[in-house]
Amino acid sequence: MNKVLLVGSPNSGKSSLFNRLTGLSQKVANFPGITVDVTSGSLLALPDVELVDFPGTYSLQAISAEEEVAVEYFRRALADPEVRHVLCVVDATRLEKSLYFTLQVIRDAQHHGKLITVLANMADIIDRNNLTLDADALAAEIGAPVLMVSAKSGSGIESIIDRLRDALVREEVSGGRWSETPDALLRGTAHQLAHQHGPRGDVLIQSQTRLDRFFLSGFTGGVAFFGIMLLLFQSIFTWSAPVMDAVEALVGAVGSVVVPLIENTVIADFVADALFGGIGAFLVFVPQIFVLTFIIGLLEDSGYLARAALICHRPLRLFGMTGKSFIPMLSGVACAIPAIYAARSVDSQRQRLMTYLAIPLMPCSARLPVYALLIATFIPDETMFGGLLGWQGVAMFSIYFLGMLMGLIVTGITHRISRVVADDLPFVLELPPYRLPGLLPILRNAEKRCRHFVTKAGKVILSVTIVVWILGYFPNYGADLATSWLGTIGHFIEPVFEPIGLDWRYGVAIISSFLAREVFVGTLGTIFGIEDAEDNMAPLVDQIQASGLPIGSGVALLVFFAIALQCVSTLAILSRETRSWKIPLRMAAAYLVLAYMSALGVFYLVEWLV
Ligand SMILES: Nc1nc2c(ncn2[C@@H]2O[C@H](COP(=O)(O)OP(=O)(O)OP(=O)(O)O)[C@@H](O)[C@H]2O)c(=O)[nH]1
Ligand SMILES: [Mg+2]
């Protein structure tokens with residue numbers, strides 16, 4: 001198969017072009033370092049050609065982990081006889097940023113006899129602002145064709161295909177103008193060429209500076225930051241709620257139609273509790289994950305998140321992290337898995353480890369149903385200040401805040417005592433231009449994330465629900481949970497949870513939640529014999545209240561869930577990213593001990609207060 005490489009500097013629009021050319025939906029956003037892995041897909045117009053999308057790099061000397069991935073892969077790819085062509089993307093509005101890398105790529109490609117085409121992307125911005133870029137003159141200087149294209153409007157895409165079609169039938173040629181030129185000389189030439197041929201960007205820069213004066217200055221910047229974060233959190237809860245209710249109602253309705261049609265009682269019980277209960281338990285989160293990814297996408301693509309990372313750099317440094325840790329941590333509020341991937345853009349290895357430490361403590365959405373159940377059970381549904389503020393809302397906010405605070409405390413302490421030598425690299429973050437976000441790619445990305453959640457998390461959650469159901473249903477066919485297999489296991493582990501005032505039933509629910517936290521609610525539902533506990537929490541709340549669980553235990557459970565690392569997928573991905581099992585396993589053990597001790601402390605404190 002013929003391969004074509006798509007390389008270029010960060011944020012120049014490689015993935016946008018990739019999506020145009022392949023019809024796939026790689027994540028695209030206005031922030032350098034969005035693509036962190038090499039991905040490929042076949043061209044729509046030439047199906048036997050594979051296009052390979054790279055993470056952006058500023059030069060062929062890698063600084064961050066994702067750049068290393070790209071550079072190493074690029075070097076290997078150039079030696080691969082299947083690679084026929086290199087497409088090098090530059091941001092036509094910011095030539096000075098990408099020409100050095102482009103010349104390096106041209107040199108190495110020529111050295112290996114590969115053909116190369118430069119794509120001057122963002123031609124739409126050049127046109128709209130009446131700027132000029134003389135592509136032919138530039139092409140003559142650098143010795144490679146330059147095509148003006150726009151991934152946004154689609155202009156010039158045809159010319160890329162024509163060029164590829166034409167180039168693929170040509171023989172490889174070796175040697176070329178730059179093939180032996182050293183880096184230092186390339187750098188000088190790049191600077192000169194950018195100055196000579198680049199568009200005069202004053203118009204673009206002026207409006208940007210005005211916006212930055214607002215968003216980055218001390219007072220207005222701070223107010224805007226808190227306003228935007230508040231909006232983000234509001235959106236997760238308030239705006240997703242109606243859709244979540246609708247999903248619950250739909251799953252419930254389908255279940256109530258299907259279940260009565262089944263004659264065999266065992267199968268009917270299984271379908272009602274394990275299947276529909278299990279499906280309902282995780283489908284409710286889909287709207288929330290959608291809204292959150294959508295809004296983070298808007299912020300990212302507008303160029304704001306890069307500013308937010310800059311604002312947070314100084315405070316985060318106190319905790320051994322960097323401004324670039326901000327986006328991974330923020331993503332961790334939705335789910336730790338994309339957050340761990342996002343941490344690849346943190347350059348220093350030590351700071352990346354600190355970021356990994358913080359991510360699992362961010363209040364991810366899998367904790368939400370557990371919090372919702374416990375808060376509904378123990379915190380009175382009363383308001384203060386004339387209905388303006390509800391106690392339950394305050395409790396939810398506090399437990400979210402606790403997670404983030406713990407994240408900072410843990411990284412702060414580790415930072416102080418850690419013996420890992422600091423490889424403090426300078427904080428270099430290119431501020432992308434402010435732009436109106438492109439809605440379609442963001443919607444597509446949000447949809448992709450939801451689909452990923454449903455397929456990946458869904459499998460785990462459904463399997464756990466089924467296993468818990470089987471253990472709880474047999475050997476006495478659901479007649480008595482206490483003597484079922486599940487009950488036996490529960491009684492065995494009861495002594496561990498007794499000090500926090502929890503009996504075997506909660507023990508079983510906690511154990512099952514180690515595969516995925518949200519399973520806790522479903523398991524408790526099964527244990528208390530309530531169908532569809534996830535869809536309708538009220539009866540479960542009544543049952544727990546009636547079981548006489550002390551409030552101290554409820555608050556202790558909240559704290560336990562805020563800290564413990566109960567997520568198999570997170571551990572698996574952490575081990576992949578750190579290339580070790582030691583780090584995630586130690587983290588899981590440490591957070592388990594911390595969670596248990598904190599829960600115990602809180603239990604005694606609350607019981608003493610009450
Ligand atoms: N106006 C305009 N915006 C574009 C064009 N191409 C890409 N963009 C925007 O530029 C930003 C960066 O696009 P990406 O495709 O993520 O860039 P990338 O080169 O893959 O970035 P990294 O993966 O981070 O290196 C996004 O906000 C895109 O919407 C274009 O032709 N015109
Ligand atoms: Mg990309």
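Helix 18 passes helix 24 in a right-handed crossing. The model that shows this is predicted. Helix 18 covers residues 391–417, and it packs against helix 24 at an angle of about 45°, with the two axes 9 Å apart. That angle makes helix 18 oblique to helix 24. From helix 18, the contact takes Ile 399, Leu 402, Gly 403 and Met 406. From helix 24 come Leu 558, Ala 562 and Ile 563. By class, this contact of helix 18 with helix 24 has 6 nonpolar residues, 1 polar residue and no charged ones.

Helix 24 has another partner. Helix 24 spans residues 551–563, and helix 26 spans residues 582–609. Their axes come within 8 Å and cross at roughly 155°. Helix 24 is therefore roughly antiparallel to helix 26, because angles over 145 degrees count as roughly antiparallel. This crossing, of helix 24 and helix 26, is right-handed. On the helix 24 side, the contact residues are Ile 551, Gly 552, Ser 553, Val 555, Ala 556, Val 559, Phe 560 and Ile 563. On the helix 26 side they include Tyr 591, Leu 594, Ala 595, Tyr 596 and Ser 598. Further along helix 26, Ala 599, Val 602, Phe 603, Val 606 and Glu 607 also belong to the contact. The residues of this contact of helix 24 with helix 26 divide into 14 nonpolar, 3 polar and 1 charged.

Leu 571, Leu 574, Ser 575 and Thr 578 of helix 25 meet Ile 583, Pro 584 and Ala 588 of helix 26. The contact of helix 25 with helix 26 divides into 5 nonpolar and 2 polar residues, with no charged ones.

Now turn to the ligand. Which residues are closest to ligand 1? They are Gly 13, Ser 15, Asn 30, Thr 35 and Gly 56, among the 27 residues that surround the ligand. Helix 1 (14–22) and helix 4 (123–128) each supply at least two residues of the shell around ligand 1. The largest share of that shell, 3 residues, comes from helix 1. By class, the shell around ligand 1 has 9 nonpolar, 13 polar and 5 charged residues.

Two details of the backbone deserve a look. Asn 11 is found in the loop between strand 1 (2–8) and helix 1. Phi of Asn 11 is near 65°, a positive value in a residue other than glycine. The other detail is a cis peptide bond that joins Phe 474 and Pro 475. Omega for this bond is about 0°. Pro 475 has its place in the loop between helix 19 (439–473) and helix 20 (485–497).

Finally, step back to the whole chain. How many helices and strands does the protein chain have? There are 26 helices and 8 strands. Along its principal axes, the C-alpha trace of the protein chain spans about 80 × 55 × 45 Å. With 610 residues, a compact globule would have a radius of gyration near 25 Å. The protein chain has 28 Å, which agrees.

Notes: Residues are numbered from 1 along each chain as its sequence is written. Chains are lettered from A and ligands numbered from 1 in the order in which they are written. This is a predicted model: local features need pLDDT of at least 70, side-chain atom pairs count only at pLDDT 80 or more; totals for chains, interfaces and linings use all residues. Axes are lines fitted to C-alpha atoms, for helices over the stretch in contact, and angles run from 0 to 180 degrees between N-to-C directions. Helices (H or I, at least four residues) and strands (E, at least two) are DSSP runs, numbered from the N terminus. Angles under 35 degrees count as roughly parallel, over 145 as roughly antiparallel, 65 to 115 as roughly perpendicular and the rest as oblique. A crossing is left-handed if the near helix is turned anticlockwise from the far one by less than a right angle, and right-handed if clockwise. Two residues are in contact if their C-beta atoms, placed from the backbone, lie within 7 Å. Ala, Val, Leu, Ile, Met, Phe, Trp, Tyr, Cys and Pro count as nonpolar, Asp, Glu, Lys and Arg as charged, and the others, Gly among them, as polar. A residue is near a molecule or strand if its C-beta atom, placed from the backbone, lies within 6 Å of it. The radius of gyration is taken over C-alpha atoms; the globule rule is 2.2 Å times the number of residues to the power 0.38.
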